[in-house]
Amino acid sequence: MESKDYLKDISEIKHLMNKSSRFISLSGLSGILAGIYALIGAGFAYWLVKTYSNGTLLLDGTIFKLVLIDLLLVAFFSIVTAIILTTRKAKKQGEKIWDGTSKRLVVNFLIPLLIGGLYILIILGQQKYGQTGALMLIFYGLGLINASKYSIGDIRYLGFIEIIIGLICALFPGYGFWLWILGFGIMHIVYGTWMYLKYDRKQP
């Protein structure tokens, strides 16, 4: 009996240590919705470019600015949705939404994204936009991997996939739009569904 009690105590201590060092309330549903937002945004951008710009984009053109706004809206709605659903999940589990662990997660996630964003702006200013899609995927993947040590470790797998897709995109820039859809749209839906079935659905 004592041996079983010791094993139980060790298991509980391990669970508490893992819970205190990782932010585990990320919602799988938010990943699914982020993927759907990306697909909608990509569809709208494709329609804009094909209809009003003959399939090409000029950095100082109106269509490019509209596409940029479209991308920002996709990011905005994805972030807001993630915050709302993750907060709701954390409250159900009786966890804090904003503590030291979640702060470290956000910081480690944003560092590669901000560096990547600045680099993309620099090369856009130099009229070099052929690798933009690849860079977005790669730096986003690095952000996920960097943040995974403070969250559910499974998100690093999505990070690796995003980086691989980004490298393929760099090799074949002519398919950048479709690889962007694969990385930010389809893979988010697949990953979000997997996380929802693995974690969220099991919650009482």
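User: Why is H188 called buried in this predicted model?

Analyst: The relative accessible area of H188 is 8%. Buried means under 20%, so H188 qualifies. H188 sits in helix α7, residues 176–198.

User: What is H188 in contact with, beyond its neighbours within four places in sequence?

Analyst: H188 is in contact with G31, I32, G35, Y140, L158 and G183. The term contact requires heavy atoms within 4.5 Å.

User: What makes the pairing of H188 with the backbone oxygen of F184 a polar contact?

Analyst: A polar atom of the H188 side chain lies 2.7 Å from the backbone oxygen of F184.

User: Which residues have the most contacts inside the largest nonpolar core?

Analyst: They are W180 and F184, in a core of 19 residues. Two or more residues each come from α2, α5 (132–147), α6 and α7. The biggest contribution is that of α7, with 7 residues. A separate second core has 6 residues, among them I123, L124, L135 and F139.

User: What does F184 touch, not counting residues up to four places away in sequence?

Analyst: F184 touches A34, G35, A38, M136, L137, Y140 and E162. As for the grouping of such side chains, in soluble globular proteins nonpolar ones tend to be buried together.

User: Why is D154 called buried, and where does it lie?

Analyst: D154 has a relative accessible area of 10%. The limit for buried is under 20%, so D154 counts as buried. D154 is in the loop between α5 and α6. Leaving out residues up to four places away in sequence, D154 touches Y191, W194, M195, K198 and Y199.

User: How do you know that the span of helix α3 agrees with its number of residues?

Analyst: Helix α3, residues 62–92, has 31 residues, and at 1.5 Å a residue it should span 45 Å. The expected span uses one less than the number of residues. The end C-alpha atoms of α3 are 45 Å apart, so the two values agree. After α3 comes G94, with a positive phi near 70 degrees.

User: Which residues of α3 are buried, and what covers them?

Analyst: The buried residues of α3 are I63, F64, V67, D70, V74, S78, T81, L85, T86, K89 and A90. Their cover includes α2 (28–52) and α4 (100–125). On spacing in general, an α-helix has 3.6 residues a turn, so residues three or four places apart point the same way.

User: How many helices and strands does the protein have, and how many of its residues count as buried?

Analyst: There are 7 helices and 0 strands, and from the N terminus on the elements run α-α-α-α-α-α-α. Of the 204 residues, 38% count as buried. Among contacts between residues at least 6 apart in sequence, 75% join residues at least 24 apart. The accessible surface comes to about 12,700 Å², and 71% of this belongs to carbon and sulfur atoms.

User: Which elements have the lowest and the highest mean pLDDT?

Analyst: Helix α1 (residues 2–21) has the lowest, at 46, and helix α6 (residues 155–171) the highest, at 94. Over residues 6–21 the pLDDT is below 50, and this stretch has 6 contacts in the model beyond near neighbours in sequence. The protein averages a pLDDT of 81, and 80% of the residues score at least 70.

Terms used. Residues numbered from 1 in each chain as written. Heavy atoms only, no water. Helix = DSSP H or I, 4+ residues; strand = E, 2+ residues; numbered from the N terminus. Buried < 20%, exposed > 50% of the residue type's maximum accessible area, 1.4 Å probe, protein only. Polar contact = N/O pair within 3.5 Å; in protein donor to acceptor, adjacent residues only side chain to side chain. pLDDT = per-residue confidence, 0-100. Areas by Shrake-Rupley, 256 points an atom, 1.4 Å probe, with all protein chains shown as cover. Core = buried A, V, L, I, M, F, W, Y, C linked by side-chain atoms within 4.5 Å.
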